[in-house]
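This note collects several points for a colleague who is examining the model. Please read the numbered paragraphs with the sequence and the structure at hand.

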Amino acid sequence: MSGTPSSIDVRATLHAAVVTTAIRLAPGHGIPITRHLALLAEAETPAPPAMWTDASAQTVGALLAARARRDALVDGVGVVRLYFDEVRLKRPAALSSRGRALLLASAGEYCAAIGSAQHAARFGAEALLFADTPALRYRALTVIALGHAINGEYTAAEEASSGAQEIFAAEGWPVEEAAYLLFLADILTSSARCDVERLAAVPSAMALTQRDDPYWTYTARAAGVMVKLLRHKFADGRAEARELLHGGLRSASHRMVRHFLLCILSDLYVAQGDDAQALAVLAPYDNPEGHGICFSMQRATALLRLGRERELLLETDACVASETDHCLRTFTPVLLRRALAQQRLGNSRRAHQSMESALLIMQRTGTWATPFLMLPHDETRQLMEGVVAHNPELRHLMTSLEGILARVAAPDNESAPAYATPCLTPTERALAFLLESPLSLAEIARERGVSLNTVKSQVRSIYLKLGVSGRTEAIEQLNSVDA
């Protein structure tokens, strides 16, 4: 009952969590308290106030940041749209500069968590306009850095990151108050440039900063899996990825990091030629908002290598239709793969248009390596050269792009290895991947959108083909084949 001692205690506890968390979102006052983040992540977001004040901005800012930091993202971008039209508040405001900067940075952090990269960067830029202290400027710059990194604008991300680090060093804040967002931005930037040494340094740096936070630990280990991919330690990478995706640590991890890890696992299979298994890993997943992670792009790599060009185009049609709403980091690889598919199908004009669009994006954002991972070397180079011949302003890109292709593209005559799991259909492969998770068969049925009886029938077929009698044996058999 409202007004009873218990309800007053709950409100007082929530208010204390809001005030303490809001103060600690920017450095200089300690890090947010774990139990406060957990409490705020589960709290309902309030209705938009008739007039925004510093108190209401503090409350919503703390709630949005807590949701981002504890992966409470079920409402997606709808939470942000409740209060904002783009980056403008929907209701009148009487806010101090600090209150507005706090609210805008929290909205940007939440957008980054759900993968809405462009909105994250815009909110960060707006927050920076109102940030009137070094701590608030630092926080705004970390949001900008991650937003740009998710969007594939790595030069801009590195500039924002450097600015934030300079402020942090000048203010002499404790190392444990360094922003998690900067580490995520560094992981994405290092991965995109295939800078293995820089990427390999991230997990230890994160451990020095927040050794006991399971969310930080999970992200650091995910970065380690990417290092294994780039160093061609494929079996170790698959084992580590599976443990993280299906083990107990999964419950304290961020959705974007889990999705990033799924894409790495898919790449690990592609790198060894098991393209069907790469598709199976991704089969249960739809593209999240903003395409900060784009499973259609990820599937396109395997489809291209399997010679399923028409299916690739159908898979990525929605990506092309989304145009400016699509994250550039994942849109550029989509364009490259569509260009190659169109060229193979004899649609040279469309192939050149897609390749030219991809190269123009790179001209604006900077060249990077990951879009070319496992693309056929000679085929890609020839198409690029044809486009550059008709567009001389792109000629300066060719030197760096040819170097990238030499490092990360696949030989055109590469064949698939003999160890790929035999017999299983694509649907059975996807189900076999989920059998390694803690999910029950009923939960697997719900995730796949089919009946429990359908799943049971498919499981029986898998057991029969593998020559096993139960789930544990099936997992052991799949892992032994994979190894």
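Which residues does S161 touch, not counting residues up to four places away in sequence?

1. S161 touches A145 and L182 once residues up to four places away in sequence are left out, a contact being heavy atoms within 4.5 Å. S161 belongs to helix α8 (residues 154–171); helices (H or I, at least four residues) and strands (E, at least two) are DSSP runs, numbered from the N terminus. S161 counts as buried because its relative accessibility is 13%; buried means under 20% relative accessible area, exposed over 50%, and partly exposed in between (1.4 Å probe, protein chains only).

2. The model is predicted: local features need pLDDT of at least 70, side-chain atom pairs count only at pLDDT 80 or more, and totals for chains, interfaces and linings use all residues. Residues are numbered from 1 along each chain as its sequence is written, and side-chain values use heavy atoms, with hydrogens and water left out.

3. S190 is buried, with a relative accessible area of 0%. With residues up to four places away in sequence not counted, S190 touches D195, R198 and L199.

4. The largest nonpolar core holds 145 residues, of which F84, Y138, L261, L359 and F372 touch the most other members. Such a core is a set of buried Ala, Val, Leu, Ile, Met, Phe, Trp, Tyr and Cys residues joined through side-chain atoms within 4.5 Å. Helix α13 (residues 255–271) supplies the largest share of this core, 12 residues. Apart from this core lies another, of 10 residues, including L37, L63, A66 and A72. Not counting residues up to four places away in sequence, L261 touches Y218, A222, V225, A241, L244 and L245.

5. E86 has a positive phi, near 60°, although E86 is a residue other than glycine. E86 sits in the loop between β1 (84–85) and β2 (88–89), and counts as partly exposed because its relative accessibility is 46%.

6. M374, which is not a glycine, also deserves a remark: its phi is positive, at about 65°. The loop between α18 (348–365) and α19 (377–390) contains M374. At 14% relative accessibility, M374 counts as buried. As background, most residues other than glycine have a negative phi.
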